[in-house]
Amino acid sequence: MHVSERLLQLYADTNAATRTKLQDTIKQNLGDGKSLSMSFEELTGATKESLPTEEKSAADFAAWIKDGKKDAMFLPYYVSLLEMHENVLNKEATSTQSNPIDKTTVNETSSIEKTVVIVPEPTVVEAPKVEEKPSAPKQRYMPEAPVPSRAERAKYQRTIEPAKPRRKSGKWIGVLFLLALLIGGGYIGYPYVMDLLEPKQEAKVVEETPKPEPEPVVQEPETNYVWLASKNVNLVSEPDGTTVTYIGDIGDRYEIVKEQDEHVEVNLDGTTAWVPLDAVTTDWPTRDLTDSALLDWVNTNLNNNWLGESIPDFFAMNEAALTETIGAPYGRETDALNAYAFYNGGFFVIQQDKVHAIDWTNTQTTREAFSPLGEPVLETDDAVVYESETYSLRLFEGTNGQTRVRLTEK
């Protein structure tokens, strides 16, 4: 059985107070630093050659607990001590010392100098006064030529004779011409006048409604995924690295960021991690298994007395609603991606404050019991995966004959 899977089973079998007391004992023993194999021998009285000889301190162990147990070096050491916690806790523990840290606060003040600018008053220049010259008196008009006398003007007057009366015959000719013009113009212009008086039908202009242009279809980029093809896969912080960011299970799906050498970078809830190409697959077939058939199998073949509610209802709950429904868990752990709430009979996987999966521990369920569900999506020597449209059902087989079943909402 993988050491991470063994850790989950030990957390289900021990309470939080025991684990906290064991962690304090380990910190006191490690102190400023010693090898993990020597610390294990001092705490248990037994030796274990598989443990590393690299020195680790109490501060390293506390950071490992706080960081979600990512470093793979502490994991076998901690699991081995947790298995022998009764022997370890019977020994006398030393007290740890903490160095107070003095903090000094430096206050700085800044002064601002003000500059007074004196603006000189403008100089007023007076314009010189212009002396006014007296105007000359107007001269009287004098005609250039002398005006003739009245006697001389009388010589130029002529005798005015009365006008002769005009002949009246031209008047009648004008009247007759005017009548002829009126009659002829009326005859010629009658059709045009009638055409003007008749009402005209206005032509109706039919405006064509412009057809709306089709909106452009935005094609979303295709997202590529990989699925973990084996149990307990270490997702590390860099290619060929040793720092474990998260331990994934068979059937977990991740979005591909990029490929490099023999590894692929995947999106891990806002961060990234690297996984070997030989531990993933891009071939993930679909089956005709329905949601109702899968849930009927879960209700029939697994012990659900510790749940007390309909299984689909749990996937709509956050952690607060879960606690209000079935009570507070006896233990709670976290890692880089999930939180785990432990109950008698199993535990819940909570992702982004929402129930993501339900695990039944120590079920004794064999893979033969899954045969009514048809052909699995993926099958290995120690695991099997079935999927419907909404759910993923997985079986994990341990080396001691115990099995674990996980139901995940896709």
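Modeller: Arg-19 is buried in this predicted model, because its relative accessibility is 3%, below the 20% cut-off. Its side chain meets that of Glu-333 in a salt bridge, with 3.8 Å from N to O. The two residues belong to distant parts of the chain, 314 residues apart: Arg-19 lies in helix H2 (residues 16-30) and Glu-333 in strand E10 (residues 331-334). Glu-333 also counts as buried, at 17% relative accessibility.

A second salt bridge, likewise 3.8 Å from N to O, joins the side chains of Lys-231 and Asp-382. This pair spans 151 residues, linking the loop between strand E3 (225-228) and E4, which holds Lys-231, to the loop between strand E14 (378-379) and strand E15 (383-387), which holds Asp-382. Lys-231 is buried, with a relative accessible area of 14%, whereas Asp-382 is partly exposed at 30%.

Glu-409 is part of strand E17 (residues 403-409), while Lys-354 occupies the loop between strand E12 (346-350) and strand E13 (355-360), 55 residues away. Both partners are partly exposed, Glu-409 at 24% relative accessibility and Lys-354 at 36%.

Salt bridges with shared partners also connect Asp-249, Asp-359, Arg-404 and Arg-406 in one network. Over the whole structure, the search finds 13 salt bridges.

How values were computed
Residues numbered from 1 in each chain as written. Predicted model: local features only at pLDDT ≥ 70, side-chain atom pairs only at ≥ 80, totals over all residues. Heavy atoms only, no water. Salt bridge = Lys/Arg side-chain N within 4 Å of Asp/Glu carboxyl O. Helix = DSSP H or I, 4+ residues; strand = E, 2+ residues; numbered from the N terminus. Buried < 20%, exposed > 50% of the residue type's maximum accessible area, 1.4 Å probe, protein only.
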